[in-house]
Amino acid sequence: MTQPQLRIVDESGKRQPLRFRFTVRDIGKLPPPTRGRVYVYDTVTPGLAIQLTPAGHAAYYFVRKFAGRKVRVKLGDVQDISLENVRKLAATHAATMAQGKDPAQAKRDARDEYTLGEVQAVYHSEHALIRSAPATIVSEESLWNAALKSLHNRKLSHITAGDVARLHGKLATERGKRTANRGIQYIRRLYRFAKKRQLHTGDIPTDHVDLFSEQSRERFLSAEELPRFLAAVDEEPQPFRDWFRLALFTGARSGNVRAMRWECIDLDKGVWIVPADESKNERPMTVHLAAEARDILKTRRALAEPEAVYVFPVCRDKGVRSYIGQPHRAFARVCERAGIKGLRIHDLRRSMGAMLAIGGASLPVVGAALGHRDYRATQIYARLSDSPVAAAVESAVATMTAKPKTKRGTKAAR
């Protein structure tokens, strides 16, 4: 005996079938139920249904059993999606279910997926603030706010290689190739962090983007510029006079020199230990102090307050003691007085590397003196020798501070 077909009844009393071949015309004729939600099923596409409510709302759903329970996945409102497209969506969900996957769970996962901005916030608070050097944190935050926030609300799986490539090109045009490369590298770090924390299981879109080639900067003070630079530094008021000399004589990164603390300095042994949490390489770095650097520090220690923490302290708002900021204006004054162009503060560090190399220090010694972790960073100073680090630093600073010899026959020689 054939089982009678289930039907719904409209206000006129006419019965409507609960299962029929969906057409746009017939869907438009479906009456709302008098109470509760009712599902009407398509006889063409398995699992495709329309949910009807007493308020007159109609929406497409994919309805099938999975692992012994009924799964319902909303595909879209009837007025917002075509019947052709909704059949394709239903077929996709059916294929997903055939692979042993729950389409409803996949949709929940997509809804709960992290955005790049959310990953950046987790990375900053749970990784960068703990493991990165302060200068690195500031640099990454500045790069994110200035150049990468356009991707803030994008889901990780929705950012394609094309999106990243277009951003790379835009940044190169607006901010330069170096900044463009740093931006892509930062996005890559965020994706790798997300995969490590199991916040993302898909592809990393930056893997398909080729970075621009960069020319390594090799600017440093020449033998002719050094005396002029030091003479101009001597005309600068404190604390910048001492700061520039220490930055040059130690070859340390400017951020580390600014944040130099007395507790990290051993004047008797002539060493300054940069803590791991302040080092760019995330490990303690030993900086050897030449005699001239030790003299500067001894003088500053004698004049400092007994409870002083920083070598270059400054009083901030509300009486909080901190250290000096980046002395860009003072550096510009020094270069102008010395008649030197094209020099940056970081080039003082390169000047130490150059003097070490000129003095015959080996590549490993130059790298150790400058705290390089990557061998490639030291290659521009490549001159092999077997000099120990401390002796090499002493020799380099002595070369810097040596008075230029006068030529015979000049007025000075007479």
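Start by selecting Asp242: with a relative accessible area of 11%, this residue is buried, because anything under 20% gets that label. Keep in mind as you click around that the model you have open is predicted.

Stay on Asp242 for a moment and colour its helix. Asp242 sits in helix H9, which covers residues 240–250. Now show the side chains of Asp242 and Arg300: a polar contact of 3.0 Å joins them. Which residues does Asp242 touch, leaving out those up to four places away in sequence? Show Ile296, Arg300 and Phe312, and you have them.

Next, zoom out to see the whole protein chain. The chain has 414 residues, and 44% of them are buried. As for contacts with a separation of 6 or more, 53% are between residues 24 or more positions apart.

How many aromatic pairs turn up in a search of the whole structure? The search finds ten. Select Tyr123 and Tyr186 to see one of them: the ring centres are 6.0 Å apart and the planes meet at 70 degrees, so this pair is edge-to-face. Tyr123 belongs to helix H4 (residues 116–131) and Tyr186 to helix H7 (residues 177–196), so the pair ties together parts that are 63 residues apart in sequence. Are these two tyrosines buried or exposed? Tyr123 is buried at 4% relative accessibility, and Tyr186 is buried too, at 1%.

Now jump to Tyr310 and Tyr323, another edge-to-face aromatic pair, with 5.1 Å from centre to centre and 65 degrees between the planes. Tyr310 is in the loop between helix H11 (291–303) and strand S11 (313–315), while Tyr323 is in strand S12 (residues 321–323), so you're looking at a link across 13 residues. Tyr310 has 21% relative accessibility, so it counts as partly exposed. Tyr323, at 22%, also counts as partly exposed.

For the next stop, select Phe229, Phe240, Trp243, Phe244 and Phe331 together. Ring pairs link these five into a cluster.

Finish with Arg301 and Trp262. The charged end of Arg301 sits over the ring of Trp262, 4.6 Å from the ring's centre.

Conventions: Residues are numbered from 1 along each chain as its sequence is written. This is a predicted model: local features need pLDDT of at least 70, side-chain atom pairs count only at pLDDT 80 or more; totals for chains, interfaces and linings use all residues. Side-chain values use heavy atoms; hydrogens and water are left out. Buried means under 20% relative accessible area, exposed over 50%, partly exposed in between (1.4 Å probe, protein chains only). Contact means heavy atoms within 4.5 Å. Helices (H or I, at least four residues) and strands (E, at least two) are DSSP runs, numbered from the N terminus. A polar contact is a pair of N or O atoms within 3.5 Å; within protein, one must be able to donate a hydrogen and the other to accept it, and residues adjacent in sequence count only if both atoms are side-chain atoms. Rings of Phe, Tyr and Trp (its six-membered ring) pair if their centres lie within 6.5 Å; planes under 30 degrees apart count as stacked, over 60 as edge-to-face and the rest as tilted. A charge sits over a ring if NZ of Lys or CZ of Arg is within 6 Å of the ring centre and within 35 degrees of the ring normal.
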